[in-house]
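Have the viewer open while you read.

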Amino acid sequence: MKEALTQGVVNGAAELAQENGYLSSPYKILLPEEAAKIVDKLKVVPGFRNVENELVLRMNRAAEKAATSARPIFTSAIRKMTIKDAWNILRGEDNAATTYLERTTYSPLYNSFQPEILQALNEVNAVDYWERAVNKYNSLPFVTEMNPRLDDYVTEKALIGLFSKIEIEEAKIRKEPVARTSDLLKRVFSQQD
């Protein structure tokens with residue numbers, strides 16, 4: 001079970017950590033809903049014509065960079081798994097392993113991702129870019145002011161994507177004998193077939 005979890009985690013996190021791992025996937029991080037108002041109004045302001053594409057690219061690059069820190073956190077949680085945990089995962093729902101990992105790693109992952117995402121967003125000037133865009137928007141007459149914080153939003157979306165990807169990897173191992181790439185995986189999951 002630990003091998004299966006490690007394989008699913010490694011595959012899922014590694015794919016998302018590659019360049020375009022988030023950007024070209026179903027887990028692509030889009031702008032927050034309230035950003036649509038800002039983007040629409042700013043498209044006519046010089047220097048902000050391409051604000052949406054720039055921010056989406058920068059947010060996804062930040063998430064891809066942060067995803068590299070997931071592996072040791074997942075590995076630690078997997079090592080701490082008890083026999084009862086493993087049994088419950090093996091006999092549980094199709095997403096039992098993902099649920100276990102989300103329950104045991106969400107807070108440490110958030111605490112690891114958030115500063116990395118903030119740093120990555122800063123490295124590509126996304127935070128400044130977004131803050132300038134929001135501040136420009138906030139200076140327009142007759143608008144409701146928006147909060148210029150972007151890092152928390154990106155962190156939450158990155159984790160949702162990561163756990164979704166892991167759930168897909170778990171499903172492959174559970175349902176597709178071809179995805180069971182070792183003798184141990186074949187023995188463990190053949191009991192479910």
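1. Let's begin with T155. Its relative accessibility is 0%, so T155 counts as buried, the cut-off being under 20%. Bear in mind that this is a predicted model. T155 sits in helix α8, which runs over residues 151-175.

2. Who surrounds T155? Setting aside neighbours within four places in sequence, T155 is in contact with Y110, F113, Q114 and I117.

3. Now the core. The largest nonpolar core has 60 residues, and Y22, L101, F113 and L162 are those with the most contacts inside it. Elements giving two or more residues to this core are α1 (2-17), α2 (35-42), α3 (51-67), α4 (70-79), α5 (83-91), α6 (96-123), α7 and α8. The most comes from α6, with ten residues. As background, nonpolar side chains in soluble globular proteins tend to be buried together.

4. L162 deserves a click. Not counting residues up to four places away in sequence, L162 touches A13, L16, Y22, A70, F74, L109 and F113. Two of these partners, Y22 and F113, are also on the list of core residues with the most contacts.

5. On to the aromatics, where the count comes to three pairs. In one of them, F74 and F163 have ring centres 5.9 Å apart and planes at 85°, so the pair is edge-to-face. This pair links distant parts of the chain, with F74 in helix α4 and F163 in helix α8, 89 residues apart. F74 is buried at 0% relative accessibility, and F163 is buried too, with a relative accessible area of 3%.

6. F163 has another ring partner. The ring centres of Y106 and F163 lie 6.3 Å apart and the planes are at 20°, so this pair is stacked. Because Y106 lies in helix α6 and F163 in helix α8, the pair ties together parts that are 57 residues apart in sequence. Y106 itself is partly exposed, with a relative accessible area of 30%. Taken together, F74, Y106, Y110 and F163 form one aromatic cluster.

7. Last, a check on α7. Helix α7 has 13 residues (126-138), which should span 18 Å at 1.5 Å a residue; the end C-alpha atoms are 18 Å apart, which agrees. Which residues of α7 are buried? They are A126, V127, Y129, W130, A133, V134, Y137 and N138. These cover an arc of only 165° around the axis, which puts them on the same side of α7.

Key:
Residues are numbered from 1 along each chain as its sequence is written. This is a predicted model: local features need pLDDT of at least 70, side-chain atom pairs count only at pLDDT 80 or more; totals for chains, interfaces and linings use all residues. Side-chain values use heavy atoms; hydrogens and water are left out. Helices (H or I, at least four residues) and strands (E, at least two) are DSSP runs, numbered from the N terminus. The expected span of a helix is 1.5 Å times one less than its number of residues. Buried means under 20% relative accessible area, exposed over 50%, partly exposed in between (1.4 Å probe, protein chains only). The arc is that of the directions from the helix axis to the C-beta atoms. Contact means heavy atoms within 4.5 Å. A nonpolar core is a set of buried Ala, Val, Leu, Ile, Met, Phe, Trp, Tyr and Cys residues joined through side-chain atoms within 4.5 Å. Rings of Phe, Tyr and Trp (its six-membered ring) pair if their centres lie within 6.5 Å; planes under 30 degrees apart count as stacked, over 60 as edge-to-face and the rest as tilted.
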